[in-house]
Amino acid sequence: MACTDCMKASDFSIDKKGIKKRNWRTRIRYLLKITSSSKSMARRRSYRPTVDEVNQWAQSLDKLLSHKYGKAAFRIFLKSEFCEENIEFWTACEEFRTISSLEKLSSRARSIYEEFIQCDAPKEINLDYQTKDAIIQSLCLPSLTCFLLAQKKVFSLMENNSYPRFIHSELYKELCAIARGEGQYLKS
């Protein structure tokens with residue numbers, strides 16, 4: 001989600017290590033970007049979720065993740081909390097279960113394992129030994145359900161920890177305001 005040509009210096013924050021990071025408002029601004037082209041107003045409105053959609057996100061994590069913009073907003077939130085690997089793993093598992101080719105299934109299972117499960121994986125998720133061991137055993141002959149238990153555990157973790165924080169976050173409040181036609185995004 002790079003859109004550096006539309007960012008200002010205030011859109012970046014510098015962490016303790018001196019690394020520049022875009023804040024969530026910048027990410028939301030990019031996500032909900034309204035183009036100045038000659039598209040009709042109805043078409044431009046489709047870039048933003050409706051008030052009803054944003055309100056539905058507060059009903060359950062399932063409803064949030066089933067909506068394109070809800071999932072993207074939640075991912076932005078998780079990234080700001082340094083735990084985006086959870087939504088990335090959950091999404092990878094959802095995509096994995098749609099694979100029909102055994103060859104692709106085996107290849108993708110190995111890839112998911114290397115990216116999220118194995119010790120010191122680049123995006124290692126927090127799983128207990130038994131779950132990791134079950135996944136390792138299933139890699140010999142992977143099935144569409146070989147990551148299901150791990151996916152359920154990660155979903156539960158997000159549902160009980162990250163999701164409630166998201167619903168009470170400034171980001172979600174800003175999204176509600178934007179959907180109502182208010183909010184800082186619309187003022188800038």
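Is E88 buried or exposed? E88 is buried, with a relative accessible area of 12%. Buried means under 20% relative accessible area, exposed over 50%, and partly exposed in between (1.4 Å probe, protein chains only).

Before going on, some ground rules. This is a predicted model, where local features need pLDDT of at least 70 and side-chain atom pairs count only at pLDDT 80 or more, while totals for chains, interfaces and linings use all residues. Residues are numbered from 1 along each chain as its sequence is written, and side-chain values use heavy atoms, with hydrogens and water left out.

**Stop 1: E88 and its partners**

Select E88. It lies in helix α6. Helices here are DSSP runs (H or I, at least four residues), numbered from the N terminus. The E88 side chain makes a polar contact with the side chain of R75 at 2.7 Å. A second polar contact, also listed at 2.7 Å, joins the side chains of E88 and K123. A polar contact is a pair of N or O atoms within 3.5 Å; within protein, one must be able to donate a hydrogen and the other to accept it, and residues adjacent in sequence count only if both atoms are side-chain atoms.

Leaving aside neighbours within four places in sequence, E88 is in contact with R75, F116 and K123. Contact means heavy atoms within 4.5 Å.

**Stop 2: salt bridges**

Side chains of opposite charge can pair when their charged atoms come close. The cut-off for a salt bridge is a side-chain nitrogen of Lys or Arg within 4 Å of a carboxyl oxygen of Asp or Glu. The count is ten salt bridges.

Select K123 and E115. Their side chains form a salt bridge at 3.2 Å, N to O. K123 is partly exposed at 31% relative accessibility. E115 is partly exposed too, at 22%.

Move to R180 and E182. This salt bridge is 3.2 Å, N to O. E182 has a relative accessible area of 41%, so it counts as partly exposed. R180 has 47% and is also partly exposed.

Now select R75, E88, E115 and K123 together. Salt bridges that share partners join these residues into one network.

One more pair: K79 and E84. Their closest N and O atoms are 4.0 Å apart. K79 is partly exposed, at 34% relative accessibility.

**Stop 3: aromatic pairs**

How many aromatic pairs does a search of the whole structure find? There are seven. Rings of Phe, Tyr and Trp (its six-membered ring) pair if their centres lie within 6.5 Å; planes under 30 degrees apart count as stacked, over 60 as edge-to-face and the rest as tilted.

Select F74 and F166. Their ring centres are 5.5 Å apart and their planes stand at 80°, so the pair is edge-to-face. F74 lies in helix α5 (residues 68–80) and F166 in helix α9 (residues 148–167), so the pair ties together parts 92 residues apart in sequence. F74 is buried, at 0% relative accessibility. F166 is buried as well, at 0%.

Next, W90 and F155. Here the centres are 6.5 Å apart and the planes at 35°, so the pair is tilted. W90 sits in helix α6 (residues 85–96) and F155 in helix α9, so this pair ties together parts 65 residues apart in sequence. W90 is buried, at 11% relative accessible area. F155 is buried at 14%.

Finish with F74, F77, F166 and Y172. They form one aromatic cluster.

**Stop 4: the nonpolar core**

Which residues have the most contacts inside the largest nonpolar core? Select F74, F89, I117, F147, M158 and F166. The core has 42 residues. A nonpolar core is a set of buried Ala, Val, Leu, Ile, Met, Phe, Trp, Tyr and Cys residues joined through side-chain atoms within 4.5 Å.

Colour by helix. At least two core residues come from each of α3 (51–57), α4 (61–66), α5, α6, α7 (102–117), α9 and α10 (170–179). The largest share, seven residues, comes from α9.

Zoom in on F89. Not counting residues up to four places away in sequence, F89 touches I112, F116, I117, I125, F147, A150, Q151 and V154.

**Stop 5: cysteines**

Select C83 and C176. C83 is buried, at 12% relative accessibility. C176 is buried, at 13%. A disulfide is a pair of cysteine sulfur atoms within 2.5 Å. The count of disulfides is zero.
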